[in-house]
Structures are given as C-alpha cells and as structure tokens.
Amino acid sequence: MYKLKLNRYIIPLGICLAVVSCKIPQITQRSENRSVPESFGLDKDSTNTAAGQWQKLFIDKNLVTLIDTALKNNQELMITMQEIEIAKNEIQSRKGALLPKVGIK
C-alpha cells in the first residue's frame with residue numbers, strides 16, 4: 001500500500017523533472033573586453049635582476065670568485081647543457097631527414 005502511494009507521487013514528479021530538464025540551452029554571445037591597461041607594454045619594473053650581470057650585484061671579490069667557480073664546476077648545469085645540445089642535434093637530424101637531398105653520381 002505504501003509503495004502504491006509512493007509511485008503515485010514519484011512518477012508525476014519524475015515526468016515533470018524530465019520535461020523541465022530537457023530543454024535546449026540557449027546560445028549566449030560573450031562580449032569582448034578590449035580595454036587595455038595604460039601600463040601595458042611599458043617596462044617600468046626595475047627589479048629585474050636577470051637583465052644585468054650578476055657580478056655587479058656583489059662587492060666582495062671572494063664571493064664573486066666563489067660564485068664564478070661554482071658556476072664553472074656545476075655538474076648539474078653541465079649535464080643540463082649537454083642534454084640541451086643532444087636535443088638540438090636530434091632536432092637537426094630530424095629536420096635533415098625531411099629535407100630533400102641533392103647528390104652527384
């Protein structure tokens with residue numbers, strides 16, 4: 001008996017939910033924001049330390065010598081540089097395989 005009363009309410013509710021949820025969504029057009037800040041493209045930031053040489057930042061000659069020695073003998077840096085060279089060579093060889101070849105026989 002309880003199941004019959006429950007079906008009496010659930011079936012119409014399910015049909016109503018199906019009808020309401022089965023409509024096609026409307027296409028909306030988004031408006032473009034073309035306003036650009038006034039400072040766009042102007043280099044006003046003076047805190048970029050990568051643009052200058054790092055030797056000018058430090059006054060102590062011993063510290064500059066230590067940093068220079070560490071950069072020259074940095075094993076991870078040398079490995080990374082070798083991996084970059086290997087990748088460049090692989091790119092060059094793959095590009096060469098795609099290019100036409102001319103030869104004299």
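Does Lys 72 count as buried or exposed, and at what relative accessibility? At 58% relative accessibility, Lys 72 counts as exposed; exposed means over 50% relative accessible area, buried under 20%, and partly exposed in between (1.4 Å probe, protein chains only).

**Figure 1. Overview of the protein chain.** The model is predicted: local features need pLDDT of at least 70 and side-chain atom pairs count only at pLDDT 80 or more, while totals for chains, interfaces and linings use all residues. Residues are numbered from 1 along each chain as its sequence is written, and side-chain values use heavy atoms, with hydrogens and water left out. The secondary structure consists of 3 helices and 0 strands, where helices (H or I, at least four residues) and strands (E, at least two) are DSSP runs numbered from the N terminus. Of the 105 residues, 1% count as buried. The accessible surface, computed by the Shrake-Rupley method with a 1.4 Å probe (for residues, only the protein chains shown count as cover), comes to about 11400 Å², and 60% of this surface belongs to carbon and sulfur atoms.

**Figure 2. Confidence along the chain.** The predictor's confidence in each residue is given as pLDDT, from 0 to 100. The protein chain averages a pLDDT of 81, and 85% of the residues score at least 70. Among the elements, helix 1 (residues 2-21) has the lowest mean pLDDT (80), whereas helix 3 has the highest (91).

Figure 3. The structure holds 2 salt bridges, each being a side-chain nitrogen of Lys or Arg within 4 Å of a carboxyl oxygen of Asp or Glu. Side chains of opposite charge can pair when their charged atoms come close. The side chains of Glu 32 and Arg 34 meet in this way, at 2.7 Å from N to O. Glu 32 is exposed, with a relative accessible area of 59%, and Arg 34 is exposed at 68%.

**Figure 4. The salt bridge between Lys 72 and Asp 68.** The closest N and O atoms of this pair are 3.5 Å apart. Both residues lie in helix 2 (residues 61-72), 4 residues apart, or about one turn of the helix. Asp 68 is partly exposed, with a relative accessible area of 30%.

**Figure 5. A nonpolar patch on the surface.** Leu 71, Leu 77, Met 81 and Ile 84 form the patch, with about 330 Å² of accessible area together. Patches are made of residues with over 30% relative accessible area and no salt bridge; like charges are joined within 9 Å, and nonpolar side chains (Val, Leu, Ile, Met, Phe, Trp, Tyr) within 5 Å. Helix 3 (residues 75-98) gives the most to the patch, with 3 residues. Met 81 is in helix 3 and is partly exposed, at 44% relative accessible area.
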